[in-house]
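Hi there,

Here is the structure I promised to pass on. Have a look first, and then read on for what turned up in it.

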Amino acid sequence: MDYKEIISQLQDLKKNSESFLDKNEPDSVWNNDIKALDEAMDIINDYSAMAKQYRASVTRYETAKDVIRCGMGTYQCPDCRNRVFFGNEHCRRCGRKLGRHQHDGRQRQGKDVRKKAESQNETIDCPKCGQHAMTGRRAKNNGHFHGVCAGCGAKVIG
């Protein structure tokens, strides 16, 4: 029996209880039954709404959606169009779980900009979630690492 059938059954029970209600007796047991049935229907409706919100949250934050490829090594979140980096699991702006970063197979002519960027970037383990997903750069003046975790979004300077 799904919740709509249960609500229908409770409404029928409420109508039957109201038929036994004596208008002259405000403390009648039937009044308490009617109030209890109203509360039960409210609880079931609230639970149904909460379950719907939960499913929407799981869809948004747990179900991956493929990123949008904008150019060579450039991607966007499919929901908020924020720039995301290769390997990010979640968008840092809206929290959407990201799927595959697809390559279009086109060949670049001239210098390979991607190789240069990869040589400047460094990857380390995230101190917050432990994933090997921290991408960033070391500062030239002091050698400190500056980066953001692609897994949990934690910012690290150190």
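Predicted model: local features only at pLDDT ≥ 70, side-chain atom pairs only at ≥ 80, totals over all residues.

A few overall figures to begin with. The protein has 158 residues, and 24% of them count as buried. Its exposed surface comes to about 11700 Å², with carbon and sulfur atoms supplying 50% of that. As for how the chain meets itself, take the contacts between residues at least 6 apart in sequence: 33% of these join residues at least 24 apart.

Next, the cysteines. How many disulfides does the structure hold? The count is zero. Cys 80 and Cys 91 are still worth a look: for Cys 80, the nearest cysteine sulfur is that of Cys 91, 3.6 Å away. A disulfide needs the two sulfur atoms within 2.5 Å, so at 3.6 Å the sulfur of Cys 91 is too far from that of Cys 80 for a bond. The two residues also fall into separate classes of accessibility: Cys 80 is partly exposed, at 23% relative accessibility, whereas Cys 91 is buried, at 4%.

On to the aromatic rings, where the count is one pair. Phe 20 and Trp 30 are the partners, and their rings are stacked, with 4.9 Å from centre to centre and 20° between the planes. The pair links distant parts of the chain, as Phe 20 belongs to helix α1 (residues 3-20) and Trp 30 to helix α2 (residues 29-61), ten residues apart. Phe 20 is exposed, with a relative accessible area of 54%, while Trp 30 counts as partly exposed at 29%.

Where does Pro 78 sit? You will find Pro 78 in the loop between β2 (74-76) and β3 (83-84). Leaving aside residues up to four places away in sequence, Pro 78 touches Lys 65, Asp 66, Val 67 and Ile 68, along with Arg 96 and Leu 98. There is also a spacing to note with Lys 97: the C-alpha atoms of Pro 78 and Lys 97 are 9.7 Å apart in space, and the two residues are 19 apart in sequence.

Definitions and conventions. Residues numbered from 1 in each chain as written. Heavy atoms only, no water. Buried < 20%, exposed > 50% of the residue type's maximum accessible area, 1.4 Å probe, protein only. Contact = heavy atoms within 4.5 Å. Areas by Shrake-Rupley, 256 points an atom, 1.4 Å probe, with all protein chains shown as cover. Phe/Tyr/Trp six-rings, centres within 6.5 Å; stacked < 30°, edge-to-face > 60°. Helix = DSSP H or I, 4+ residues; strand = E, 2+ residues; numbered from the N terminus.
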